[in-house]
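Please consult the sequence and the structure while reading.

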Amino acid sequence: MNSLQKTSLSIFLFLCSLTINAQNSITLGTGNSSGTSYPIASYYNSSATESIYLGSEIGNSIKITQIGYEKASGNSTLELQITVYMKTTTKTNHGSNNYTVGATDFSEYTLVYEGPLPNNATTGWMEVPLDTPFEFTDPAKNLSVLVIGSTCIMSGRPQFRYTSLSSRMNGAFDDGIIGCDGTASWDENATLKPRLERPNLKLTFETLKNEEFQFQNTVTVTTTQEQINIQSNGTIQSISVYDLSGRLIYDKSFISTAQHVINRLTAAKQILFLRIVTKNDTIITKKILF
């Protein structure tokens with residue numbers, strides 16, 4: 001694939017990822033206190049924090065695309081290596097006793113980011129786009145964020161703002177040896193201790209609609225040697241088909257039915273992208289091998 005084709009494909013995939021939902025942001029936590037323990041304890045070689053953010057704080061069904069933590073101070077510019085997991089939970093706090101996540105609960109988490117947390121300014125929001133956006137679809141439940149850290153900084157450690165909560169919505173682990181000499185890493189059976197301090201968290205997101213969830217879950221695409229069959233329980237407005245180079249090879253508007261069949265498409269044995277638009281202008285993309 002040449003550079004022009006790659007550019008065309010990138011533009012297409014970007015456009016297909018857009019819906020009528022705009023990017024928004026919300027900050028969870030208003031505390032101005034700061035410390036070096038959350039979301040990563042950078043005076044240890046390894047650490048972990050599990051924080052719960054209530055659905056009532058979030059308020060909507062959202063697709064989280066980016067997160068950020070507010071740095072209050074610290075002159076070190078060493079990047080913090082983190083791994084971030086998210087899950088929806090019915091828990092509102094971690095109680096008052098030490099606990100472990102456990103293999104069963106840990107299997108419910110989704111890995112959403114692995115890489116550096118920026119540390120290139122003395123203050124401000126340190127933000128990262130998620131590798132895997134997380135859909136928080138039930139505001140009656142809560143969001144649990146597990147951050148595993150693996151960076152120790154000897155001096156000028158970053159301090160992040162947190163909010164003190166009497167309901168103990170944060171649990172923390174560290175390897176126990178201050179000064180970058182620890183060797184114990186976190187795993188799901190490691191002990192976390194309830195803490196009052198929960199790091200302030202900035203979420204960048206798209207607001208999702210119930211119709212979008214239903215449509216995404218019920219659209220099916222099946223193929224034979226000569227046909228592509230698209231079936232949904234909602235009304236399809238239009239369908240466009242692109243090849244890997246971003247070239248439009250099929251386009252049909254004003255469909256107004258729940259099923260559509262594409263016949264005799266001359267695009268055998270390659271990956272195709274379908275852009276499906278519903279009557280409410282929700283855009284769904286599907287990747288198939290045809």
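Q: Which residue in the turn of the hairpin formed by β15 and β16 has a positive phi?
A: The numbering of residues starts from 1 along each chain as its sequence is written. This is a predicted model, in which local features need pLDDT of at least 70 and side-chain atom pairs count only at pLDDT 80 or more, whereas totals for chains, interfaces and linings use all residues, and side-chain values use heavy atoms, with hydrogens and water left out. Strands β15 and β16 form a hairpin with 4 residues between them; strands (E, at least two residues) and helices (H or I, at least four) are DSSP runs numbered from the N terminus. The turn residue with a positive phi, about 90°, is G246.

Q: How many bridges join strand β15 to strand β16?
A: Strand β15 covers residues 227–243 and strand β16 covers residues 248–252, and the two run antiparallel. Two strands count as paired if DSSP finds at least two bridges between them. Within this pairing, Y242 stands opposite L248 in β16. The number of bridges joining β15 to β16 is 4.

Q: How many helices and strands does the chain have?
A: Among contacts with a separation of 6 or more, 79% are between residues 24 or more positions apart; a contact means heavy atoms within 4.5 Å. The secondary structure of the chain amounts to 4 helices and 19 strands.

Q: What share of the 290 residues in the chain is buried?
A: Buried means under 20% relative accessible area, exposed means over 50%, and partly exposed lies in between (1.4 Å probe, protein chains only). The chain exposes about 14100 Å², of which carbon and sulfur atoms supply 46%; these areas come from the Shrake-Rupley method with a 1.4 Å probe, and for residues only the protein chains shown count as cover. The buried share of the 290 residues is 47%.

Q: Which cysteine is joined to C152 by a disulfide?
A: A disulfide is a pair of cysteine sulfur atoms within 2.5 Å, and by this rule the count comes to 1. The S to S distance in the link of C152 and C180 is 2.0 Å, and the angle of -85° about the S-S bond makes the link left-handed. The pair links distant parts of the chain, 28 residues apart, with C152 in the loop between β8 (142–149) and β9 (159–164) and C180 in the loop between β10 (170–174) and β11 (193–195). The partner of C152 is C180.

Q: Why does C152 count as buried?
A: The accessibility of C152 decides its class. C152 counts as buried because its relative accessibility is 14%.

Q: Which residue forms a salt bridge with R198?
A: A salt bridge requires a side-chain nitrogen of Lys or Arg within 4 Å of a carboxyl oxygen of Asp or Glu, and the structure holds 4 of them. The bridge of R198 has an N to O distance of 2.9 Å and links distant parts of the chain, R198 in strand β12 (residues 197–199) and its partner in helix α2 (residues 55–58), 141 residues apart.

Q: How many residues apart in sequence are the parts tied together by E70 and R161?
A: E70 forms a salt bridge with R161, with the closest N and O atoms 3.7 Å apart. E70 lies in strand β4 (residues 62–73) and R161 in strand β9, so the pair ties together parts whose separation in sequence is 91 residues.

Q: Which strand holds E127, the salt-bridge partner of K202?
A: The side chains of K202 and E127 meet at 3.7 Å, N to O. K202 is buried at 18% relative accessible area, whereas E127 is partly exposed at 25%. K202 lies in strand β13 (residues 201–207), and the two residues tie together parts that are 75 residues apart in sequence, E127 being in strand β7.

Q: What is the phi of R168, which is not a glycine?
A: R168 is found in the loop between β9 and β10. R168 is partly exposed, with a relative accessible area of 33%. Its phi is positive, at about 55°.
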